[in-house]
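Subject: Structure handover

Dear colleague,

Here is the structure I said I would pass on. My notes on it follow below the files.

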Amino acid sequence: YKHFVIHFFCLTVAVVAVGFSWYNVLTLKNGFEHINVFKQSYSNVCMRQKLYDVLRSKPLTVGQAMDIADVILTQDKVPPAIALAMIHIESEFKPSAVSKAGAMGLTQVMPIIRKIYEKHPEFGPEIAQVYNVPVNVKLGLWFLGDLYVKYGDWKIALSAYNAGPENARNKKYLTYANAILK
């Protein structure tokens with residue numbers, strides 16, 4: 001019953017989000033374009049629900065889980081599965097995590113990374129709030145995504161994220177990358 005209710009809710013939200021009536025969907029009034037838009041919207045809503053379900057099993061508030069899901073799903077630099085695995089390994093989903101090296105928050109952002117992205121047009125003054133869940137996740141994923149663009153390989157990008165770009169190709173940091181990609 002619960003499964004049916006969730007899917008019915010996802011379907012209803014998808015139809016409302018697309019902004020056209022059931023009549024247009026069922027009669028294919030404007031061709032298959034409406035069906036494709038509907039399928040994409042439904043898929044997005046279902047993915048968001050699955051992500052909420054995963055995140056609610058973590059030591060997070062409902063608001064934090066929603067913030068993380070929103071950031072992960074609205075960015076296109078890092079696949080959601082890699083983003084979740086990276087956050088799990090970096091901080092075990094503890095927003096106030098701090099490493100011995102000084103990395104902070106869910107994505108364990110180093111102060112130098114915050115400094116590098118300080119003037120980036122994607123970030124504003126909120127970048128100073130490194131423990132703010134959406135800011136931290138957005139910054140960490142942005143940096144990881146930039147590393148992927150630079151190296152073209154998730155293993156190398158993850159190694160660089162973990163040990164610094166100077167150690168990107170150092171095989172001793174592949175354990176971290178392999179754990180995330182597993």
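Helix α5 (residues 80–91) packs against helix α7 (residues 133–151) at an angle of about 115 degrees, and their axes are 11 Å apart. Axes here are lines fitted to C-alpha atoms, for helices over the stretch in contact, and angles run from 0 to 180 degrees between N-to-C directions. That makes α5 roughly perpendicular to α7 (under 35 degrees counts as roughly parallel, over 145 as roughly antiparallel, 65 to 115 as roughly perpendicular and the rest as oblique). The crossing of α5 and α7 is right-handed; a crossing has that hand if the near helix is turned clockwise from the far one by less than a right angle, and is left-handed if anticlockwise. From α5, the residues Ile82, Ala83, Met86 and Ile87 meet Val137, Gly140, Leu141 and Leu144 of α7, where contact means heavy atoms within 4.5 Å. Seven of the residues in the contact of α5 with α7 are nonpolar, one is polar and none is charged. For these classes, Ala, Val, Leu, Ile, Met, Phe, Trp, Tyr, Cys and Pro count as nonpolar, Asp, Glu, Lys and Arg as charged, and the others, Gly among them, as polar.

The model is predicted: local features need pLDDT of at least 70, side-chain atom pairs count only at pLDDT 80 or more, and totals for chains, interfaces and linings use all residues. Residues are numbered from 1 along each chain as its sequence is written, and side-chain values use heavy atoms, with hydrogens and water left out.

α7 also packs with helix α4 (residues 62–74), at an angle of about 30 degrees and with the axes 9 Å apart. That makes α4 roughly parallel to α7. This crossing, of α4 past α7, is right-handed. Gln64, Asp67, Ile68, Val71 and Ile72 in α4 meet Val133, Pro134, Val137, Lys138 and Leu141 in α7. By class, the contact of α4 with α7 holds seven nonpolar residues, one polar and two charged.

Serine 91 is in helix α5 and is buried, with a relative accessible area of 5% (buried means under 20%, exposed over 50%, partly exposed in between, with a 1.4 Å probe and protein chains only). Leaving out residues up to four places away in sequence, serine 91 touches Ala97, Gly105 and Leu106.

Phenylalanine 93 lies in the loop between α5 and α6 (111–117). Phenylalanine 93 is not a glycine, yet has a positive phi of about 65 degrees, and is buried at a relative accessible area of 2%. Glutamine 108, in the loop between α5 and α6, has a positive phi too, near 50 degrees, and is likewise a residue other than glycine. Glutamine 108 is buried, with a relative accessible area of 8%.

Alanine 103 is also placed in the loop between α5 and α6 and counts as buried at 5% relative accessibility. Its C-alpha atom is separated by 9.9 Å from that of serine 91, 12 residues apart along the chain. Alanine 103 touches Ala97, Val98, Gln108, Val109 and Met110, again not counting residues up to four places away in sequence.

For the chain as a whole, there are nine helices and zero strands; helices (H or I, at least four residues) and strands (E, at least two) are DSSP runs, numbered from the N terminus. Of its 182 residues, 41% count as buried.

Regards
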